[in-house]
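Could you walk me through this protein model in a friendly way?

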Amino acid sequence: MAEQNVVDIGLYLGAQLGWVDVTEHGRQGVADSGGGITITRGDGTPGTMDLVLANPGGRYSPRNPRSDLFGLLGRNTPIRVGLVELDEAFNTTTTGTWAPSGWSTWGAGGSLTAADFGADGGSAWHRLPVANAYRGTHYTGRRWRDCEVRTTFTMAPADVVGGPLEPANLLLRLQDVGTYYMARVEVTTAEAVTVSLHHSSAGLIAGPVTVAGLVYAGQALAVAASVVGDRLAAKVWNPAAGEPRDWQVTAVDTRLTAAGYVGVRSGVAGSNTNTKPLEFRYYDLRVVDRRACMEVASWPPRWNVPGTDTWVPVQAAGILRRLQQGAKPLDSALYRYLTRTAPSAYWPLEDPAGSLQARSAVAGIAPMVPFGYSRFTTPGTGRPEPAAGLPVFGSGSGIPGSHPVVDLAQGGTLQASLPYSPFANWRIEWVAISPRDKGKIVIPVRWSTDGTWPRWDIQIEPTGIFATFGSTDGTNAGTASNSTLNLYDGLPHHFRIEATDIGGGTVSARIWVDAVQVATFSMFGSALSGTAGSITQVTVNPLEIRQDSAESPAMPILGHLAIWNPPGAATNTTAAMRGHAGETAADRVARLCAEQGVPVFVTRGPDPSQPMGPQRPDTFLSLLRECEDADGGILGEAREQLALTYRCLGALYNQTPVVLPYDHLAPPLEPTDDDDHVRNDVTVSRPDGGTARAVLELGPLSVLSPPAGVGTYDTSVTVNVADDVQLPDQAGWRRHLGTWDEARYPTARINLADPEWVGDEDLAAAVTALAAGDVLALDELPVWLPPGPALEMVRGSVERLDEFTRSLDWTLTPAGPYTVATADGEPRVPADGTALSAAVPSATWGSFQMTSTAANGPWMTNAADFPLLVRVGGEVMEVSTIGGTGLTQTAIVSARGVNGVSRAWPVGTPVDVWIPAVAPL
C-alpha cells in the first residue's frame with residue numbers, strides 16, 4: 001500500500017481512449033515554463049485552472065501530425081485534476097484481511113472465516129461460500145468526506161447462473177457496517193451490467209442504470225464511485241476500452257454528511273446457483289480527492305530560445321464559460337415543450353412578421369400555407385372572391401410561454417395536409433386568445449380525418465364552446481358543447497380535442513380547455529357506430545373571416561397547433577403555455593438543464609424555493625441567473641465532473657459551520673468595516689407587475705443621517721417572481737442582507753503545508769471540501785479583533801498545488817444573515833430599543849436591569865424559553881431567568897463572557913438577543 005498525496009492529471013480523448021493519464025507531463029515548477037496548478041472558483045462565475053504540461057516532441061500541439069494525440073486534442077477537451085490519497089496495489093500476501101494493517105473485514109450470510117478474505121501479490125479477494133451472502137472490507141486508516149474510489153475487479157464465474165452477482169459495491173462515508181452510501185454493481189444472468197446508488201438503510205437512491213453496450217463475458221471490469229458534498233455518482237466500464245467521460249448514475253442526497261471510511265463489498269443473490277465458493281478479485285484500489293474537472297479551450301505551444309525545452313501553458317475553464325458564449329435566446333417554452341412530446345405534426349406559428357407560410361417543426365411535415373382559392377363568390381357575379389390570403393404573422397402577443405404568433409383579426413387562412421397514418425385515434429391542440437368582451441361565433445380550427453366522420457369543427461361562442469363532427473357537405477352527425485365558458489376574456493387558453501376507438505365500433509371524444517375536461521361529444525354509442533381514424537388535414541380560420549367591422553366576429557390570435565396520430569402520452573401544454581409560471585426556481589433550473597442536456601445537481605432546502613414568473617425569451621444562462629436572482633441561491637460548477645450545481649437559498653440557512661482555529665490560518669487576515677455592501681433602501685419590481693419597497697428607518701445602518709444612521713444607500717432590482725405578493729419579502733430580504741451590521745473578513749487563507757496542519761487530517765478534509773455557500777467559523781481570534789467565532793460564507797476560492805505547498809484562499813461574506821428562525825426553534829424575537837437601566841459594575845456581576853420601549857414591550861419570562869443568550873454591548877451572556885412584567889425587568893445571569901468578552905457596562909448599553917430571529921425569504 002502506498003498512501004500518497006500526489007497530483008493526478010487526466011485528459012478525456014474520446015470514447016475509444018477515454019480518460020488518459022498525463023500526470024507525468026504535469027510540471028511543478030521550471031524556470032522558463034513555471035508550473036504548479038492554480039484552481040480558481042467564483043460565486044456563480046466560471047471556474048478556471050492554470051497548469052503547465054511538458055510538450056515533448058509537440059505531443060500536446062493539436063495540429064502536430066507527429067503527435068500520438070493528433071486529432072484527439074481540441075477546443076474544450078475535458079481535463080481533470082485530483083490528489084491521490086490512497087493507492088493500494090495489494091502487494092502483500094495476507095489471509096483474513098487485505099493488508100497487515102489499515103483494513104477491517106465484515107460480512108453476513110454463512111459462516112464468516114478468515115478464508116473469505118485475503119490478498120496475494122497484486123490483488124485482494126473476497127470468497128463467498130454460500131448464496132444470499134456478502135463480504136465487506138473497509139479501510140480504517142483514514143476517514144474521507146469527499147472522495148472518489150476506483151478499482152478494477154474480476155469474478156471467478158465467466159457466466160452468471162440462477163441469480164445476479166454483486167461485485168465491487170463501493171462504500172462511501174461509512175460510519176459503521178450498517179451506515180454508508182453504496183454504489184452497487186450488479187451482473188445479471190443475461191450478462192448485463194447495472195449500476196445504482198443506495199443508502200444503507202433507506203435503500204435505493206438512484207438507478208439502476210443498465211450500462212449501454214457492456215456485456216459481461218468473464219473479462220475484468222472497472223468501477224468508480226464519487227461523493228462530493230451532497231452529490232453522489234458512479235460508473236462501470238470495460239478497462240480495455242476507454243473510461244466514460246461522464247458518470248452513468250448520479251443523485252443528490254443529504255443524509256450522510258460526516259466523513260467516513262471507504263470500502264468494498266461483494267455479494268451473491270439468494271437465487272444464484274453458480275458453484276460455490278465464488279471469488280471476487282480487486283486490483284489497484286485508489287482514493288482520489290478530485291479538485292477540478294474543466295475544459296481546455298486552447299493549447300498554445302511555448303519553447304525556450306535554444307529549443308531545448310517545450311511546454312504548453314494550459315488554462316482550463318468550467319462549463320459556465322462555454323454556456324455563456326451563446327447570445328441567441330432559447331426557443332419559447334411552448335416550442336421547447338411540444339417538440340419533446342413527439343407530435344406527428346406541429347406548426348408553432350411563431351414565424352416572423354412578413355412570413356409567407358408557417359414552418360413545420362416536425363421533419364417530413366409540410367408547412368402551413370394560405371388557401372390557393374376562395375370558396376366564396378362575389379354577390380351578383382358568380383365569380384370566386386379573391387383567395388383568403390395570409391394572416392398577420394409575428395404580431396399576436398400575450399401568450400406568456402410563446403413568441404408572438406399569428407393574429408387572425410385581419411383574416412387569412414392557413415392549411416396543411418398530413419401524410420397517411422396507419423394508426424387510428426388522434427389528438428389536436430392549439431393555444432388562442434380571444435378579444436375581451438367581443439364575442440361572436442367563430443371557427444378558429446377545422447380538421448379532417450380518414451375515419452367515419454371526415455369533418456370536425458370547433459366554434460368559440462360568446463357563452464362557451466361548441467363542436468361538431470360530420471360529413472364534408474356540412475351535415476352534422478354529432479355535437480359537444482359547454483355553455484358556461486366565457487373564452488372572450490383576452491387571456492390565453494389551451495384547447496385539446498381527442499378521439500379514441502374504445503371497441504365495439506364506438507368512439508370516445510372529449511374536449512379540454514386549460515387541462516380541464518369541459519365537454520364530451522354525443523351520439524358515439526350504438527346509434528352511430530364508426531371509427532376515429534387519423535387526422536389528414538387541418539385548416540386555421542376555415543371560414544376566411546376578417547374582423548373588418550363592428551358586426552364581424554372578433555378573431556383570435558392563435559399558435560402552437562399540434563397533432564398526434566395516435567394521441568400518445570398526455571401532455572401538460574397548459575403549463576408551458578403559461579411559461580411554467582409558478583414553478584419553483586429549483587424546478588426551473590432542473591427542467592432547463594434537462595432540456596439543454598446539461599447535467600445539474602440541485603440542492604434544495606427544507607422549504608420550496610421561490611415561485612417563478614413566466615419563462616421569457618432569453619439565453620439559457622440568463623434564465624438560470626434569473627432563477628438564482630429570484631431565489632437568492634448560488635449557481636456554480638461541480639468540481640468533480642462537468643456539471644452545474646444550484647444551491648437553493650433554503651439550503652444556505654442555519655448551517656453547521658466548519659470551525660477553523662486562528663492558529664491554522666495563514667496571513668493575512670484583514671477584517672474590514674466598510675459600506676461596500678450597505679443597502680438600506682431597496683425597491684423590488686416584477687416584469688409587467690407591481691413594486692415593493694423596504695427601508696431601514698432606525699439603527700446604525702439606517703437611512704438616518706450620521707451619526708444616527710449612515711444615510712441613504714438605495715438600490716432597485718427587478719425579479720421575475722410569480723406574483724406581486726412576493727415582492728415585499730423580496731425587498732425585505734435584500735434590505736436584511738444589505739444592513740447586516742458586522743465586520744467583514746473578505747478573505748482567509750490556509751497553507752496545508754504549515755506545521756499546524758500536520759496530523760489534523762479530519763479538519764484538512766473538512767476545509768478542502770468547502771464550496772460556495774458553505775459556512776466557516778473563524779474561531780479563537782486574537783484579542784485585537786472582534787470576539788469570535790466569526791461566521792463567514794464561502795463565495796469563492798483560489799487553490800494552489802505545487803511541489804511544496806497546498807494553499808487555499810477563500811473569498812468570504814458574513815454568514816450571520818443566513819441564520820433564520822424555524823418553527824419550534826430557539827426563542828430569538830428581536831428586542832430593539834432595550835438598554836441597561838442600571839450599570840453592570842464588574843465582570844463578575846450576576847444580574848442586570850434593563851428597560852424596554854413601550855413599542856416593543858417587555859421581554860419574555862416563560863421558563864421554557866431559558867436559558868437564553870443575550871448580547872449586552874459587546875458581551876454575550878447566558879441568562880437563566882428574566883423577572884418582572886413591566887418595561888423595566890431584571891435578568892439573572894448564569895454565565896458571563898460567552899464570547900470571550902467580560903467587562904463592566906454603563907447605563908444605556910443596548911441589550912438584545914444574541915442572534916435575533918429573522919424570517920427566511
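Here is a short tour, from the whole chain down to single residues.

**The whole chain**

What you see is a predicted model. The protein chain contains 7 helices and 54 strands. Its C-alpha atoms fill a box of roughly 105 × 85 × 70 Å, taken along the principal axes. Of the 921 residues in the chain, 52% are buried. If you take the contacts between residues at least 6 apart in sequence, 67% of them join residues at least 24 apart.

**Two helices side by side**

Let us begin with a pair of helices. Helix H4 covers residues 585–596 and helix H5 covers residues 620–631; their axes lie 9 Å apart and the helices pack at an angle of about 165°. Because of that angle, H4 is roughly antiparallel to H5; the cut-off for this description is an angle over 145 degrees. The crossing of H4 past H5 is left-handed.

Which residues of H4 and H5 make the contact? On the H4 side they are Ala585, Arg588, Val589, Leu592, Cys593 and Gln596. On the H5 side they are Phe620, Leu623, Leu624, Glu626, Cys627 and Asp631. Sorted by class, this contact has 8 nonpolar, 1 polar and 3 charged residues.

**A sheet beside the helices**

Now look for an open sheet of 3 strands, in the order S38-S40-S39, with mixed pairing. Its edge strands are S38 (600–603) and S39 (634–637), each of which pairs on one side only. On average, neighbouring strands in this sheet are turned by 20° against each other, direction ignored.

Both helices lie across this sheet's strands. H4 lies across S38 and S40 and runs at about 170° to S38, whereas H5 lies across S39 and S40 and runs at about 135° to S39.

| S39 (residues 634–637) | S40 (residues 644–647) | 4 bridges |

Ile634 has Arg647 in S40 as its bridge partner. Met850 has Gln889 in S53 as its bridge partner, while Val879 stands opposite Val893 in S53. S52 and S53 also form a hairpin, with 4 residues between them. In the turn of that hairpin, Gly884 has a positive phi of about 100°.

As you follow a strand, keep one rule in mind: in a regular strand, side chains alternate between the two faces of the sheet.

Finally, zoom in on Ile557, which is found in strand S37 (residues 557–564). Is Ile557 buried or exposed? Ile557 counts as buried because its relative accessibility is 9%, and the cut-off for buried is under 20%.

Which residues does Ile557 touch? Leaving out residues up to four places away in sequence, Ile557 touches Gly396, Ser397, Ile399, Val405, Val406, Asp407, Val431, Ala432 and Ile433.

Note on methods:
Residues numbered from 1 in each chain as written. Predicted model: local features only at pLDDT ≥ 70, side-chain atom pairs only at ≥ 80, totals over all residues. Heavy atoms only, no water. Axes fitted to C-alpha atoms, helices over the stretch in contact; angles between N-to-C directions. Parallel < 35°, antiparallel > 145°, perpendicular 65-115°, else oblique. Left-handed = near helix turned anticlockwise from the far one by under 90°. Contact = heavy atoms within 4.5 Å. Nonpolar A, V, L, I, M, F, W, Y, C, P; charged D, E, K, R; others polar. Pairing = 2+ DSSP bridges. Buried < 20%, exposed > 50% of the residue type's maximum accessible area, 1.4 Å probe, protein only.
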